[in-house]
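I opened this model to look up a few points and write them down in order. The entries below follow the order in which I went through them.

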Amino acid sequence: MTDPYTVLGVPRTASEDDIRKAFRKLAKKHHPDLNPGDKAAEAKFKEIAQANDLLSDPDKRRRFDAGEIDASGQEMPPRGFYRDQTGPGFGGGKYERAGAHESFVDMGGIFSEMFGERRGFSGGGAGFDMGGMPVTYSLRVPFLVAARGGKQRVTLPDGKTLDIDVPEGMGDGQTLRLKGQGMPGTQGRPAGDAYVEIHVEPHAFFEARDNDIHVELPVTVTEAALGGKVRVPTVGGPVMLNVPAGSNTGASLRLKGRGLLDRKSGQRGDQYVKLKVVLPEQPDDKLKEFLEGWEAGRAYDPRKGMEQFT
């Protein structure tokens, strides 16, 4: 998130009243109900609401100014409605607040002043019925769940459970929209939406680079020297890979279409397998005896040419 002072357009010396006035002005301009269908206005409104949430709270503002929390406030100890949660079924993955509003008690008064008793809205003479406010969460998802997709049950901070569909090929930093799971609306208006920013946890050996998967595969001396088929893990399950005879550590082989799904194009990336020749953990007398008598092994120098760079 951008610096909240910049978002609201106020200096760091701004008073509480200056912050309140700046927020009113911007919120009135960018509120989704006044800009139906405008995604840019909706995103801007979320940003200014998060900035106001931080700067209108004296303690949050003090901690931000002191560098104790970042602009999204994610380091703030949990309290109130939006607090850190662990979602069942996520392998202990954290379901965290990411700058969402902890309380809109004071916000209601602001919006009443801003929008109350405006003719021309909701039928002439009627008060302005404001829809529910959006909230934002940050959700940590295991690598393979994001890669393969799946339904995950999580517990929201108010105790309510939701089954969230994580689409196949979900990337780190992408956002899911949960319609109607935000703050409740006023005067019967629908609830706002919840926006879940996905953070993909690293995997033990898979590494995503765009839609391609990279993995380092240990192979034996025999497999590298003589070649053969070896079993390779992929995000879609294990497959057999043909290792050419005479392969060296660092050789890269491609498994076409075994990468991540590109949700826009519908195409899949590839998986690149980097070979790593690994000797037995325990000494092998026969291998040692063979190498000691292997005359050809003394006929080549794998470090030839390195001297010119020293």
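Entry 1. Is V196 buried or exposed? I was working on a predicted model throughout. V196 has a relative accessible area of 0%, and because buried means under 20%, I put V196 down as buried. I then looked up its place and found V196 in strand β7, which covers residues 194-200. I also checked V196 against Y137: the two are 59 residues apart in sequence, yet their C-alpha atoms are 4.8 Å apart in space.

Entry 2. I turned to the chain as a whole. How many helices and strands does the protein chain have? I noted eight helices and 13 strands. The chain has 310 residues, and 38% of them count as buried. For the accessible surface I wrote down about 17,800 Å², with 50% of it belonging to carbon and sulfur atoms. I also looked at contacts with a separation of 6 or more: residues 24 or more positions apart account for 55% of these.

Entry 3. Next I traced a sheet. In what order do the strands of the open sheet of four run? I read the order as β8-β9-β13-β12, and the pairing is mixed. The edge strands are β8 (207-209) and β12 (252-255), each of which pairs on one side only. From one strand to the next the twist averages 30 degrees. As a reminder to myself, strands of a sheet pair through backbone hydrogen bonds, either parallel or antiparallel. I found that β8 and β9 (residues 212-219) run antiparallel and are joined by three bridges. Within this pairing I noted E207 opposite H214 in β9.

Entry 4. I stayed with E207 and looked at its side chain. E207 forms a salt bridge with R209, with the closest N and O atoms 3.3 Å apart. E207 has a relative accessible area of 41% and is partly exposed. R209 is partly exposed as well, at 43%.

Entry 5. I moved on to D210, which sits in the loop between β8 and β9. What is the phi of D210? I noted a positive value of about 55 degrees, although D210 is not a glycine. With a relative accessible area of 75%, D210 is exposed.

Entry 6. I went back to salt bridges for the whole structure. Side chains of opposite charge can pair when their charged atoms come close. I recorded eleven salt bridges in the structure. One of them joins K151 and D165, whose closest N and O atoms are 2.9 Å apart. K151 belongs to strand β4 (residues 150-155) and D165 to strand β5 (residues 161-166), so this pair ties together parts that are 14 residues apart in sequence. K151 is exposed at 51% relative accessible area, while D165, at 47%, counts as partly exposed.

Entry 7. I looked at R177 and D193, whose side chains meet in a salt bridge of 2.5 Å, N to O. Why does this pair tie together separate parts of the sequence? R177 lies in strand β6 (residues 175-178) and D193 in the loop between β6 and β7, so the parts tied together are 16 residues apart.

Entry 8. I checked H30, which is found in helix α2 (residues 16-30). Its relative accessibility is 15%, so H30 counts as buried. Which residues is H30 in contact with, leaving aside neighbours within four places in sequence? I listed N35, A41, K44 and F45.

Entry 9. Last, I looked for nonpolar residues on the surface. F290, L291, W294 and Y300 form a nonpolar patch there, and together they have about 430 Å² of accessible area. Of these I looked up L291, which lies in helix α8 (residues 285-292). L291 counts as partly exposed, at 42% relative accessibility.

Methods
Residues numbered from 1 in each chain as written. Predicted model: local features only at pLDDT ≥ 70, side-chain atom pairs only at ≥ 80, totals over all residues. Heavy atoms only, no water. Helix = DSSP H or I, 4+ residues; strand = E, 2+ residues; numbered from the N terminus. Buried < 20%, exposed > 50% of the residue type's maximum accessible area, 1.4 Å probe, protein only. Pairing = 2+ DSSP bridges. Axes fitted to C-alpha atoms, helices over the stretch in contact; angles between N-to-C directions. Patch = residues over 30% accessible without salt bridge, like charges linked within 9 Å, V, L, I, M, F, W, Y side chains within 5 Å. Areas by Shrake-Rupley, 256 points an atom, 1.4 Å probe, with all protein chains shown as cover. Salt bridge = Lys/Arg side-chain N within 4 Å of Asp/Glu carboxyl O. Contact = heavy atoms within 4.5 Å.
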